[in-house]
Amino acid sequence: MSPEAAATDSLAELLRKSARQDRAAFQALYDASAAKLFGVVLRILRRRDWAEEAVEDAYLRIWQRAADFRPESGTAIAWMIGVAR
């Protein structure tokens, strides 16, 4: 398995665990994905202060909606970017 595929599987597993209210898994999910998600949001908003606030809101929604993630519909990071949008 490639490192990219392993990372994708890992994020999906962390989302599944987060859906069960596993705070440690959510922290690991945040640690593994925050830089990527922030970069995407910053490119959209073009203002660091707005991007920081938007990412904070996005992770709150990700925590609340983690059970909605369906791996057959796409990657975990793509789903998270969709939540952030």
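How do the axes of H2 and H3 cross, and within what distance do they come? I looked this up first, keeping in mind that the model is predicted. The two axes come within 9 Å, and their crossing angle is roughly 140°. Angles over 145 degrees would count as roughly antiparallel, so I put H2 and H3 down as oblique to each other. I noted the handedness as well: H2 and H3 make a right-handed crossing.

**Entry: the next pair.** I turned to helix H3 (residues 48-65) and helix H4 (residues 76-84), whose axes cross at roughly 120° and come within 9 Å. That angle makes H3 oblique to H4. The crossing in which H3 passes H4 is right-handed.

**Entry: the whole chain.** I stepped back to count elements and found four helices and zero strands in the protein chain. Along the sequence I read the pattern as α-α-α-α. I also looked up burial: 35% of the 85 residues of the protein chain count as buried.

**Entry: H2 from end to end.** What would a straight helix of 23 residues span, and what does H2 span? At 1.5 Å a residue, I would expect 33 Å for a straight one, but helix H2 (residues 23-45) spans only 29 Å between its end C-alpha atoms. I then checked for a bend and found one of about 55° at serine 33. Serine 33 is also among the buried residues of H2, a list that includes Phe26, Leu29, Leu37 and Phe38.

After H2 comes arginine 46, and I noted its positive phi, near 60°.

**Entry: serine 18.** Is serine 18 buried or exposed? I found serine 18 in helix H1 (residues 3-19). Its relative accessible area is 0%, and buried means under 20%, so serine 18 is buried.

Which backbone atoms does the serine 18 side chain contact? One is the backbone oxygen of leucine 14, at 2.8 Å. Another is the backbone nitrogen of phenylalanine 26, which lies 3.4 Å from a polar atom of that side chain.

Terms used:
Residues numbered from 1 in each chain as written. Predicted model: local features only at pLDDT ≥ 70, side-chain atom pairs only at ≥ 80, totals over all residues. Heavy atoms only, no water. Helix = DSSP H or I, 4+ residues; strand = E, 2+ residues; numbered from the N terminus. Expected span 1.5 Å × (residues − 1). Bend = angle between axes of the 7 residues up to and from the residue. Buried < 20%, exposed > 50% of the residue type's maximum accessible area, 1.4 Å probe, protein only. Axes fitted to C-alpha atoms, helices over the stretch in contact; angles between N-to-C directions. Parallel < 35°, antiparallel > 145°, perpendicular 65-115°, else oblique. Left-handed = near helix turned anticlockwise from the far one by under 90°. Polar contact = N/O pair within 3.5 Å; in protein donor to acceptor, adjacent residues only side chain to side chain.
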